[in-house]
Amino acid sequence: MEKERKERIEVWQGDITKLRVDAIVNAANTSLLGGGGVDGAIHRAAGRELLEECRRLGGCPTGEARITHGYKLPAEWVIHTVGPVWSGGEGDEDVLLASCYRNSLALAEKHQIKTIAFPCISTGVYGFPAERACQIAIREVKSFLDAHATAEKVTFVCFLESDAGLYRRALGGLPE
Ligand code: ADP
């Protein structure tokens, strides 16, 4: 029987590269050639083969997503998505961030991925306000789960304690 939506969403605080899930999502940049933050951590943990596969993809526009293997990561797949750089909210940042979640989940569905973990896309160096990003992330994941049965578990990975608190409060009923 299909699991209830609430059981299919979890919040986990820590390093996304440690997670043994089908796919982790990378908050990449348009070059897909690695960077700082979570992107750097994923490339370091996956090894050089990830960079080689990324090179062959030829970049990714903001709001879209691309999939690669996970190589040395415990996760089988990496879904690379490019979040918007926050510029005050007047430049379609909300729509682009929502697209990141939607396009990543669509790729997951296409590859029959059952467990997927997201970092807090755009809320680091790209400066998207954390609370606003959290609301968008949760809205998109919930509406995806309501429409698709393949995904069994979506994990919001919060590197920062403050983000974990935001997600737990926003999801309601989950212990802090
Ligand atoms: P962006 O450029 O999209 O803002 P960042 O990597 O700078 O990407 O930050 C995105 C989020 O990833 C931030 O919330 C940051 O705290 C978090 N983060 C950084 N390193 C890791 C990691 N190893 N695992 C999970 N999240 C991480």
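Asp15 is partly exposed, with a relative accessible area of 26% (buried is under 20%, exposed over 50%, partly exposed in between, using a 1.4 Å probe and protein chains only). This is a predicted model, where local features need pLDDT of at least 70 and side-chain atom pairs count only at pLDDT 80 or more, while totals for chains, interfaces and linings use all residues. Residues are numbered from 1 along each chain as its sequence is written, and side-chain values use heavy atoms, with hydrogens and water left out.

**Around Asp15**

- You'll find Asp15 in the loop between strand S1 (9-13) and strand S2 (23-28); strands (E, at least two residues) and helices (H or I, at least four) are DSSP runs numbered from the N terminus.
- Leu160 is 145 residues away from Asp15 in sequence, yet their C-alpha atoms are 9.7 Å apart in space.

**The ligand**

- The ligand is surrounded by 17 residues, the closest being Asp15, Val38, Ser122, Gly124 and Val125 (a heavy atom within 4 Å is the cut-off).
- Asp15 puts a side-chain N or O atom 2.9 Å from a ligand nitrogen.
- Of the 560 Å² of accessible area that the ligand has on its own, the protein covers 91% (Shrake-Rupley method, 1.4 Å probe).

**Nonpolar cores**

- The largest nonpolar core has 37 residues, and Ile79, Tyr101, Ile116, Phe118, Val141, Phe156 and Tyr167 touch the most other members. A core here is a set of buried Ala, Val, Leu, Ile, Met, Phe, Trp, Tyr and Cys residues joined through side-chain atoms within 4.5 Å.
- Helix H4 (residues 130-147) is the top contributor to this core, with eight residues.
- A second, separate core of 17 residues includes Val21, Ile24, Cys54 and Leu73.

**Aromatic pairs**

- There are three aromatic pairs, counting Phe, Tyr and Trp (six-membered ring) with centres within 6.5 Å; planes under 30 degrees apart are stacked, over 60 edge-to-face and the rest tilted.
- Tyr101 and Phe118 make a tilted pair, 4.8 Å centre to centre with 35° between the planes.
- Tyr101 sits in helix H3 (residues 93-110) and Phe118 in strand S5 (residues 115-118), so the pair ties together parts that are 17 residues apart in sequence.
- Both Tyr101 and Phe118 are buried.

Notes:
A polar contact is a pair of N or O atoms within 3.5 Å; within protein, one must be able to donate a hydrogen and the other to accept it, and residues adjacent in sequence count only if both atoms are side-chain atoms.
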